[in-house]
Amino acid sequence: MEPQFGLKRPDQVKEAPDQGERVPPGQFLSKRFPVLTYGSRPEVDISLWTFRVFGVVDQEITLSWKQFTELDWVTLTADFHCVTQWSALDQSWEGVRAATVLDLAGVRPQAKFVMAHCFGGYTTNLPLDMVLEEGFLAHRHNGAELGKDHGWPLRLIVPSRYAWKSAKWVNGLELMSEDSPGFWEQRGYNNNADPWKEERFWPELTR
């Protein structure tokens, strides 16, 4: 399913295609949304929380939670695919498009990639074009605030990629001129992570 951005109104909900056409190979449908995390859950103090955009930008910015909540909030409806082989369809997220935040800093022409940074030191890398097109900074999921185990207060959502690219507890986006592997990408996970191509691991590991 193509991710659908918009305001939370019934007239903007599109009829979903057949579910069988929306589940990538090697995946099964899950009615639950499992908690899968490497390491311990960070304890985040929202009064001290900041979100930073830096790197190949016109001007580095740091947003407080109050400033973040004053941005243009929209909803995203999209399917979600975990590399551990479960998929959840028609997930609803509320928050801010990543493009909205990046525009505040001004993306320089040399910028081609983005590294997402998170509390606890987790990172993951993505092409800039992908982040601008579909990247979403979510605070609410299916009508409720994100649970702390699911990335509260903010999770990066990238629907077209396996869920390790949808980083939990995200607190910064670094613009880069050259690609660089993130946490799992350094440990054998595929750099591109397309679920429809089953890009789970480095090609060298699947031969």
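Predicted model: local features only at pLDDT ≥ 70, side-chain atom pairs only at ≥ 80, totals over all residues.
1. Residues are numbered from 1 along each chain as its sequence is written, and side-chain values use heavy atoms, with hydrogens and water left out.

2. The chain holds 3 helices and 12 strands; these are DSSP runs numbered from the N terminus (helices: H or I, at least four residues; strands: E, at least two). Of its 207 residues, 50% are buried, that is, under 20% relative accessible area with a 1.4 Å probe, protein chains only.

3. Strands S7 (residues 113-118) and S8 pair in the antiparallel sense over 5 bridges, where pairing requires at least two DSSP bridges between the strands. His117 has Thr123 in S8 as its bridge partner. The two strands form a hairpin with 4 residues between them, and Gly120 in the turn has a positive phi of about 95°.

4. Why is strand S8 (residues 123-127) described as largely enclosed by the rest of the structure? The reason is that 4 of its 5 residues are buried.

5. The largest nonpolar core has 54 residues, of which Phe51, Val53, Phe68, Trp93, Val101 and Leu175 touch the most other members. Such a core is a set of buried Ala, Val, Leu, Ile, Met, Phe, Trp, Tyr and Cys residues joined through side-chain atoms within 4.5 Å. Leaving aside neighbours within four places in sequence, Trp93 is in contact with residues including Phe33, Leu76, Phe136 and Ile157.

Notes:
Contact = heavy atoms within 4.5 Å.
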